[in-house]
Amino acid sequence: MAPIRSPKNKPSRPKIMATQTLKSPETLMKEGFQLHTAGKNDEAVAVCKKILQKVTIGETAESAGLLWIKIAPDDAKGWNMLGQVLTNNNKPGDSAKALSIALRLDPNFIDAYMNQAILQKFCGYLKPARDSYDHALTLDPENKRLRTNRINVLLDMGLWDEAKIDVDWLAEHYPNEAV
């Protein structure tokens with residue numbers, strides 16, 4: 001049997017660029033603290049946001065939220081994210097305070113109302129949760145996430161007819177999606 005010969009002018013393979021290694025949230029948090037210590041607060045907040053895009057539960061996420069609000073105490077988004085993390089970390093009292101501050105800073109912050117409603121439902125306060133969703137819907141009546149989450153609260157409250165109104169609304173506005 002004859003040996004297999006390869007062509008003399010082989011097409012070159014495309015070079016694979018080495019991808020940047022993904023940093024763990026813990027490593028990013030250390031970088032965030034270093035940036036803050038060096039007075040590079042905008043960059044430190046950017047790192048906190050990056051962490052909170054990856055994780056929203058645990059000590060690192062909580063540290064990122066706390067650093068964010070330490071650097072930018074007037075940023076409603078930071079307080080909202082901290083509130084979400086604290087809810088996920090089963091710290092409802094602290095979460096309620098953070099979300100309250102977010103809403104005081106921005107009374108039209110729909111995501112903060114949604115996180116407040118999620119916290120209220122988590123704590124068993126269904127009527128306040130419904131009220132939070134209702135208020136957010138006055139700000140954005142076309143918001144699918146708000147309506148979908150509100151349905152769960154209405155069902156937990158036994159308000160079947162009211163939940164059906166939202167289900168029908170979603171079916172009418174999003175006919176090709178499962179509700």
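How do the residues of the lining of the largest pocket divide into nonpolar, polar and charged? Six are nonpolar, four are polar and four are charged; here Ala, Val, Leu, Ile, Met, Phe, Trp, Tyr, Cys and Pro count as nonpolar, Asp, Glu, Lys and Arg as charged, and the others, Gly among them, as polar.

The structure is a predicted model, in which local features need pLDDT of at least 70, side-chain atom pairs count only at pLDDT 80 or more, and totals for chains, interfaces and linings use all residues. Residues are numbered from 1 along each chain as its sequence is written, and side-chain values use heavy atoms, with hydrogens and water left out.

**Overall fold.** The protein has nine helices and zero strands (DSSP runs numbered from the N terminus: helices are H or I of at least four residues, strands E of at least two). Of its 179 residues, 35% count as buried (buried is under 20% relative accessible area, exposed over 50%, partly exposed in between, with a 1.4 Å probe and protein chains only). Among contacts (heavy atoms within 4.5 Å) between residues at least 6 apart in sequence, 45% join residues at least 24 apart.

**Largest pocket.** The volume of the largest pocket is about 250 Å³. Helix 2 (41-54), helix 4 (76-88) and helix 6 (110-122) each give two or more residues to its lining. The lining comprises 14 residues, with Asn80, Met81, Gln84, Asp111 and Asn115 nearest the pocket centre. A pocket is an open set of points on a 1 Å grid over the protein atoms alone, where a 1.4 Å probe fits, with protein on both sides within 12 Å along at least five of seven lines; lining residues have an atom within 4 Å of a point. Grid points are joined across faces, edges and corners, and the volume is the space filled by probe spheres set on them.

Trp79 belongs to helix 4 and is buried, at 15% relative accessible area. Leaving aside residues up to four places away in sequence, Trp79 touches Ile69, Pro73, Ala98, Ile101, Ala102 and Leu105. The C-alpha atoms of Trp79 and Ala102 are 5.1 Å apart, although 23 residues separate the two along the chain. Asn90 lies in the loop between helix 4 and helix 5 (92-105). Asn90 counts as exposed because its relative accessibility is 51%, and its phi is near 60°, a positive value in a residue other than glycine.

**Charges over rings.** Two such placements are tabulated, the criterion being NZ of Lys or CZ of Arg within 6 Å of the ring centre and within 35 degrees of the ring normal.

| Charged residue | Ring | Distance to ring centre |
|---|---|---|
| Lys144 | Tyr174 | 4.9 Å |
| Arg147 | Trp169 | 4.0 Å |
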